[in-house]
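Subject: Structure for your review

Dear colleague,

Please find below the structure that I am handing over to you. My notes on what was found in it follow directly after.

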Amino acid sequence: MRKQLYADAIAYFEKLEKKHAYQENKAKWQGRSETEIENIQRKKEYARLAVEALRQMEE
C-alpha cells in the first residue's frame with residue numbers, strides 16, 4: 001500500500017513537472033514577461049525536487 005502511494009505521488013509530480021515545462025515553453029513562445037516565466041520555472045523545479053525526495057524516501 002505504501003509503495004503504491006509513493007508511486008502515485010511520484011507519477012503526479014512527474015506529470016506536474018512536464019506540465020510546467022510545457023507552460024514555460026509556451027510562455028516563452030508567447031513572449032510573456034520574465035517574471036511569469038521565472039514563476040513557472042520555480043514551480044517546475046519544486047515538482048522536480050518533490051520527485052527526487054519521494055524517490056529517496058521510497059528506497
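**Findings**

A27 is buried, with a relative accessible area of 0%. Please note that the model is a predicted one. A27 is found in helix 1, and, neighbours within four places in sequence left aside, it is in contact with R32, I37 and I40. From A27 to I37 the C-alpha distance is 6.4 Å, although the two are ten residues apart in sequence.

N25 is partly exposed, at a relative accessible area of 49%.

**Helix 2**

Helix 2 covers residues 34-58 and has 25 residues. Its span from first to last C-alpha is 36 Å, close to the 36 Å expected at 1.5 Å a residue. The buried residues in helix 2 are I37, I40, A47, A50, V51 and L54. Helix 1 (2-30) is included in what covers them.

H20 lies in helix 1 and is buried, with a relative accessible area of 7%. Beyond its neighbours within four places in sequence, H20 is in contact with I40, K43 and K44. The side chain of H20 is also joined to that of Q23 by a polar contact of 3.2 Å.

E24 likewise lies in helix 1. At 6% relative accessibility, E24 counts as buried, since the limit for that term is under 20%. With neighbours within four places in sequence again set aside, the contacts of E24 are I37, I40, Q41 and K44.

**Salt bridges**

How many salt bridges does the structure hold? There are five, and three of them are described here.

- R55 and E14 meet through their side chains in a salt bridge of 2.1 Å, N to O. R55 lies in helix 2 and E14 in helix 1, so this pair ties together parts that are 41 residues apart in sequence. R55 counts as partly exposed at 39% relative accessibility, and E14 counts as partly exposed at 27%.
- K44 and E24 form a salt bridge between their side chains, at 2.7 Å, N to O. The pair links distant parts of the chain, with K44 in helix 2 and E24 in helix 1, 20 residues apart. K44 counts as partly exposed at 24% relative accessibility, whereas E24 is buried at 6%.
- R48 forms a salt bridge with E52, and their closest N and O atoms are 2.1 Å apart. Both residues lie in helix 2, four residues apart, which is about one turn of the helix. R48 is partly exposed at 28% relative accessibility, and E52 is partly exposed at 37%.

A network of salt bridges links E24, K28 and K44.

**Aromatic pair**

A search of the whole structure finds one aromatic pair. The pair is formed by Y12 and F13 and is edge-to-face, with 5.1 Å from centre to centre and 75° between the planes. F13 counts as partly exposed, at 25% relative accessibility.

With kind regards

Key: Residues are numbered from 1 along each chain as its sequence is written. This is a predicted model: local features need pLDDT of at least 70, side-chain atom pairs count only at pLDDT 80 or more; totals for chains, interfaces and linings use all residues. Side-chain values use heavy atoms; hydrogens and water are left out. Helices (H or I, at least four residues) and strands (E, at least two) are DSSP runs, numbered from the N terminus. The expected span of a helix is 1.5 Å times one less than its number of residues. Buried means under 20% relative accessible area, exposed over 50%, partly exposed in between (1.4 Å probe, protein chains only). Contact means heavy atoms within 4.5 Å. A polar contact is a pair of N or O atoms within 3.5 Å; within protein, one must be able to donate a hydrogen and the other to accept it, and residues adjacent in sequence count only if both atoms are side-chain atoms. Rings of Phe, Tyr and Trp (its six-membered ring) pair if their centres lie within 6.5 Å; planes under 30 degrees apart count as stacked, over 60 as edge-to-face and the rest as tilted. A salt bridge is a side-chain nitrogen of Lys or Arg within 4 Å of a carboxyl oxygen of Asp or Glu.
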